[in-house]
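Q: Hey, I'm new to this one. Can we look at it together?

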Amino acid sequence: MSWNASVLSSVSSDTEPTVVITFDSAKYIFNVGENTTRAFLQSRRNWKKTRGVFLTSVGTQRASGLPGLLMTFADSGLTSLNIAGPAGLLHFMAAMRKYTFRENLSVNPIEISTSRHQDEPSDDMPIYKDDNISVFALPVSAEIQSPEVTSGSVTLPHSETNVVNRRSGKRKRSPSPPAPPLQEVISHPDFDPTTLVGNMAQEWLRHIVRTMFPGSAAKPDASSTKVEHVSQPSGFNRPLPSLPACNRRATLAYAVVGPRVRGKFDVKRAEVLGLKAGPLRARVARGETVTVVGKDGVERSVGPSDVVGASEDPGVVLILDTPSSAHIPSLVKGFESGAFSKYWTNGSEKKDHALRVVFHLCGDGVFEHEGYKAFMKGFKDDVHHIVASRDHVPDPITFTSAAFNQLRLNHLDNDIFPVPKYSLEAKKALDTTYRACRSGSEVL
């Protein structure tokens, strides 16, 4: 099974970095900044078979192109999509409800908590998995935060009632009655979404997203010519609940683990064992054990281990988003221990994967930071590094077709139609220490 990771758009005056992982049967997009849809059109690449969109943050740099991309997906026939991102994803998507909705598209939002403490190892459970990839997430914080309420937890002060024992002076906790279901709450005539907190607020935001993208096309009413659309719940257009307390500067690092590639079938060995081309050989290729009679007349059992070579370790792609130098300690800490440590040279020695490439999305002052240089040196020499750093890359014209039209109009009137500004040289030269220690590094 062949697959690849490619760059759709780089960091420039018009675009932010977007990475696309492509299989024959599916595509996975990482970050959708402004002009992502336009970048698809400019590159003449298509978005068909897209299964998932993964955001390293829900800020404008990484997610502002999501509304337009969702509507483009729906209009091109896509019927279902997974969207993963850090805490605040549901609030971000629900905030688009006034101008982003498509009834034929079903969206499954996956909100990932960013509340991991510095000393807490990262979870080794994938946040997304299908027949092609498994995606793991590592929260990267700008500083040590107090324990954060996860997206699915309850933050109501009255969720637990404190009862004081007068004799002992100790405080006991007694659970409050269960909260009423959401449908009962929103059916109340005085329903106000801004009063919702905790689990109820998250459930309301999910309900809004389901209303925006129900995944069922509008149906015509049999008794009239009108089209029956999905009805909006009470309070749909009212202000949203307050954004939950979370580290809004936190980002996510992603590890994308590809499929394990089966070893090659040894045709010569199969013929020696008497396994001829046909149904029996196909069964062995599928992992079954069959009984055959060899050229020597001896009956024997032949299994995959007899004729199939060793499988290749799954390939891994890392996507690291480090907006500022304040995020570097948290990033390094996440690779020193926990699930992501196996991708680093200084981590576990037992390897069940093959790290191929690391995409570094670096904010101002990150790429030249001594701590980040040391972090990059921690990877093996055969790992390829692709870096997006605004100070270390040129700023060429991204949308050449539109720029060419502007250039032609410039010949008519250079005051009304100025030539777009661009630069073919980076503001800062690539540090020689990077070239010496990372021969596989390049900037995009």
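Below is a short chat about this predicted model.

Q: How many helices and strands does the chain have?
A: The chain has 13 helices and 19 strands.

Q: And what share of the residues is buried?
A: Of the chain's 444 residues, 44% count as buried.

Q: Let's zoom in on a helix. Why is H3 described as largely enclosed?
A: Helix H3 covers residues 66-75, and seven of its 10 residues are buried, so the rest of the structure largely encloses it.

Q: Which ones are the buried residues of H3?
A: They are Leu66, Pro67, Leu69, Leu70, Thr72, Phe73 and Ala74.

Q: What comes just after H3?
A: Glycine 77 is there, with a positive phi of about 105°.

Q: Changing topic: what's up with the phi of asparagine 31?
A: Asparagine 31 isn't a glycine, yet its phi is positive, near 75°. The residue is in the loop between strand E3 (27-30) and helix H1 (36-43).

Q: Is asparagine 31 buried or exposed?
A: Asparagine 31 is buried: its relative accessible area is 0%.

Q: Now arginine 44, what is its phi?
A: Arginine 44 has a positive phi of about 65°, and it is not a glycine either.

Q: Where is arginine 44, and is it buried or exposed?
A: Arginine 44 lies in the loop between H1 and strand E4 (50-54). Arginine 44 is exposed, with a relative accessible area of 79%.

Conventions:
Residues numbered from 1 in each chain as written. Predicted model: local features only at pLDDT ≥ 70, side-chain atom pairs only at ≥ 80, totals over all residues. Heavy atoms only, no water. Helix = DSSP H or I, 4+ residues; strand = E, 2+ residues; numbered from the N terminus. Buried < 20%, exposed > 50% of the residue type's maximum accessible area, 1.4 Å probe, protein only.
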